[in-house]
Amino acid sequence: MALTGLGERDHSGELNMIPVKVIVINDRSEKISYSTTVTEGWTMFGALNELQDSNSSFKFSYTIDKHYGIFLESVNGLSGSIKDNTYWQLLSQKPGGDITPLEVGMGCYQPQRDENLILKFITSTQKRDLFHHDL
Ligand code: B12
């Protein structure tokens, strides 16, 4: 079968580089901001790998969920834990926009130019607070 889509705009071979920021908010509410450049169309997972490869002060680890894909497990050595009711929440802020939680995991999400990708460590004493709409 012919790969008709390959001649179209998204497959023109042009690689647009876009700057993004990754902002880490840890368990002491300290904020660390990193800048990186990614290729348009990369996932957030790709962006975090690029940052990790180019900046030795940023590290992350992940697990693979068979149904939903890539789950962010730890950032800079601090791990979320279901047992302790903690996790790393993924948030985004587009230029001039509000901060909103991502509706998909980092393996699906594609960052845009000048977007802030926020990784926020969430601690909760109540199980129900872990649900997305309460955050
Ligand atoms: C509970 C829950 C969570 C809990 C899970 C831990 C816990 N306390 O149980 C917490 C709060 C940690 C969580 C986090 C997130 N979640 Co959630 N979560 C759910 C929810 C409401 C129920 C899952 C469940 O318990 N199923 C029952 C158990 C028996 O099945 P299970 O397969 O073992 O469940 C596991 C997976 O669902 C996994 N999980 C939960 N969320 C996510 C998200 C991703 C991307 C991955 C890979 C795995 C994963 O954790 C569960 C326990 O191990 C579902 C919606 C739904 N109705 O299914 C959303 C859902 C799975 N989550 C979703 C999302 C987007 C997220 C976040 C990315 C939100 C964010 N902006 O930060 C984060 C993950 C961030 C990260 N670190 O990578 C989406 C996934 C959509 C997609 N295609 O990617 C769903 C479908 C909600 C939605 N938007 O409709 N979540």
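Predicted model: local features only at pLDDT ≥ 70, side-chain atom pairs only at ≥ 80, totals over all residues.
Visitor: Which residue of β4 is the bridge partner of Phe60?

Guide: Let's start with the pairing: β3 (residues 60-65) and β4 (residues 69-75) run antiparallel and are joined by six bridges. A hairpin of three residues leads from β3 to β4. Tyr62 has Leu72 as its bridge partner in β4, while the partner of Phe60 is Val75.

Visitor: How many helices and strands does the protein chain have?

Guide: Helices are DSSP runs of H or I with at least four residues, strands are runs of E with at least two, and both are numbered from the N terminus. From that end the elements run β-β-α-β-β-β-β-β-β. The total comes to one helix and eight strands.

Visitor: Which strand does β6 join through eight bridges?

Guide: Leu90 stands opposite Leu119 in β8. β1 also pairs with β8, in the parallel sense over five bridges, and there Lys21 stands opposite Asn116. The antiparallel partner joined to β6 by eight bridges is β8.

Visitor: Which residues of helix α1 are buried?

Guide: A residue is buried if 20 or more other C-beta atoms, placed from the backbone, lie within 10 Å of its own, partly exposed in between, and exposed if 12 or fewer do. In α1 (residues 44-54), the buried residues are Met44, Ala47, Leu48 and Leu51.

Visitor: Why are they on the same side of α1, and what arc do they cover?

Guide: The arc is that of the directions from the helix axis to the C-beta atoms. What covers these buried residues includes β1 (17-25), β2 (31-39), β3 and β8 (116-123). They lie on the same side of α1 because their arc around the axis is only 95°.

Visitor: Is Leu15 buried or exposed?

Guide: Leu15 sits in the segment before β1. Its C-alpha atom is separated by 9.8 Å from that of Val38, 23 residues apart along the chain. With 8 other C-beta atoms within 10 Å, Leu15 is exposed.

Visitor: How many residues surround the ligand?

Guide: A residue is near a molecule or strand if its C-beta atom, placed from the backbone, lies within 6 Å of it. The closest to the ligand are Tyr68, Leu72, Pro101, Val104 and Gly105, and β4 and β6 (86-93) each supply at least two residues of the shell. The number surrounding the ligand is 22.

Conventions
Residues numbered from 1 in each chain as written. Pairing = 2+ DSSP bridges. Contact = placed C-beta atoms within 7 Å.
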